[in-house]
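Biologist: Hi, I've got a new model open and could use a guide. Could you walk me through it?

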Amino acid sequence: DASGKLSLGLLDWQQGCLNNIGQEWAWNFHFLDPEFLTANESAFIELILETCEKNGMRVPRADFLKAYVLGTSQMFVWSGGGLQLVLADLHKRGLFEDLLPDDKRYKHNRISGIDDETVEKLVGAEMSRRAFTNCCNIMRRHNFVGEWDQWRAQR
């Protein structure tokens, strides 16, 4: 702050390391609202590729899309790791049966009186829903099966 008493820094490790650009952006996108990603994905990818080129790194669109769609398999697997435990806990709390996509209860816990631990479970369920939905949508839009078969044949 202005008095010099407060200092804060932030490093996004995911963006601060050398890795496959398509896979990294699949990671960055997979928690977005699925309808938002579907509507804006093409513009985002164009902007990413344009920004890379403006900064001296040409990434062919086909190479980016191959890495992007294959990268979703990682997000698909990681997002399912604890899902059964989250959903079982929500079921015990009587919240699973009427759980909805983008459930408003995790956004308004102070109003509804839901405790922080339950909100954490609701957020986890929503994040998993978004991840699975986005991964499946990306896989369909960008021919995951064909890219996966091609990748395996080259190994």
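**Pocket, helices and loops**

Modeller: Happy to! This is a predicted model, and its largest pocket holds about 160 Å³ of space.

Biologist: Nice place to begin. Which residues line the largest pocket?

Modeller: The lining is made up of Asn20, Gln23, Ala67, Leu70, Gly71, Ser73, Gln74, Trp148 and Trp151. Two elements, helix 3 and helix 7 (144-154), each give two or more residues to that lining.

Biologist: Which element gives the largest share of the lining?

Modeller: That would be helix 3, with five residues.

Biologist: And by class, how many of the lining residues are nonpolar, polar or charged?

Modeller: Four are nonpolar, five are polar and none is charged.

Biologist: Let me zoom out. How many helices and strands does the chain have?

Modeller: Seven helices and zero strands. Reading along the sequence, you get α-α-α-α-α-α-α.

Biologist: What percentage of the residues count as buried?

Modeller: Of the chain's 155 residues, 35% are buried. On contacts, take the pairs of residues at least 6 apart in sequence: 69% of those contacts join residues at least 24 apart.

Biologist: I clicked on Thr72. Is it buried or exposed?

Modeller: Thr72 is buried, because its relative accessible area is 1%, under the 20% cut-off. Its place is in helix 3.

Biologist: What does Thr72 touch, leaving out residues up to four places away in sequence?

Modeller: Its contacts are Ala26, Cys135, Ile138, Met139 and Phe144.

Biologist: Ah, and how accessible is Cys136?

Modeller: Cys136 is partly exposed, with a relative accessible area of 28%. Cys52, at 9% relative accessibility, counts as buried.

Biologist: New topic: backbone angles. What is the phi of Asp102?

Modeller: Phi is positive there, about 55°, although Asp102 is not a glycine. You'll find Asp102 in the loop between helix 4 (83-92) and helix 5 (109-112).

Biologist: Why does Asp102 count as buried?

Modeller: Because its relative accessible area is 16%, and buried means under 20%.

Biologist: Which residues is Asp102 in contact with, leaving aside neighbours within four places in sequence?

Modeller: Lys107, Glu126, Arg129 and Arg130. With Arg130, the side chains are joined by a polar contact of 3.5 Å.

Biologist: Now Asn143. What is its phi?

Modeller: Asn143 has a positive phi near 55°, and this residue is not a glycine either. Asn143 sits in the loop between helix 6 and helix 7.

Biologist: And how accessible is Asn143?

Modeller: Asn143 is partly exposed, with a relative accessible area of 45%.

Biologist: Last one: Glu46. Where is it?

Modeller: Glu46 is in helix 2. With a relative accessible area of 32%, Glu46 is partly exposed.

Biologist: How far apart are Glu46 and Arg61 in sequence and in space?

Modeller: They are 15 residues apart in sequence, and 8.5 Å apart from C-alpha to C-alpha.

Biologist: Great, thanks for the tour!

Technical notes:
Residues are numbered from 1 along each chain as its sequence is written. This is a predicted model: local features need pLDDT of at least 70, side-chain atom pairs count only at pLDDT 80 or more; totals for chains, interfaces and linings use all residues. Side-chain values use heavy atoms; hydrogens and water are left out. Buried means under 20% relative accessible area, exposed over 50%, partly exposed in between (1.4 Å probe, protein chains only). Helices (H or I, at least four residues) and strands (E, at least two) are DSSP runs, numbered from the N terminus. Contact means heavy atoms within 4.5 Å. On a 1 Å grid over the protein atoms alone, a cavity is a set of points where a 1.4 Å probe fits but cannot get out, and a pocket is an open set with protein on both sides within 12 Å along at least five of seven lines; lining residues have an atom within 4 Å of a point. Grid points are joined across faces, edges and corners, and a volume is the space filled by probe spheres set on the points. Ala, Val, Leu, Ile, Met, Phe, Trp, Tyr, Cys and Pro count as nonpolar, Asp, Glu, Lys and Arg as charged, and the others, Gly among them, as polar. A polar contact is a pair of N or O atoms within 3.5 Å; within protein, one must be able to donate a hydrogen and the other to accept it, and residues adjacent in sequence count only if both atoms are side-chain atoms.
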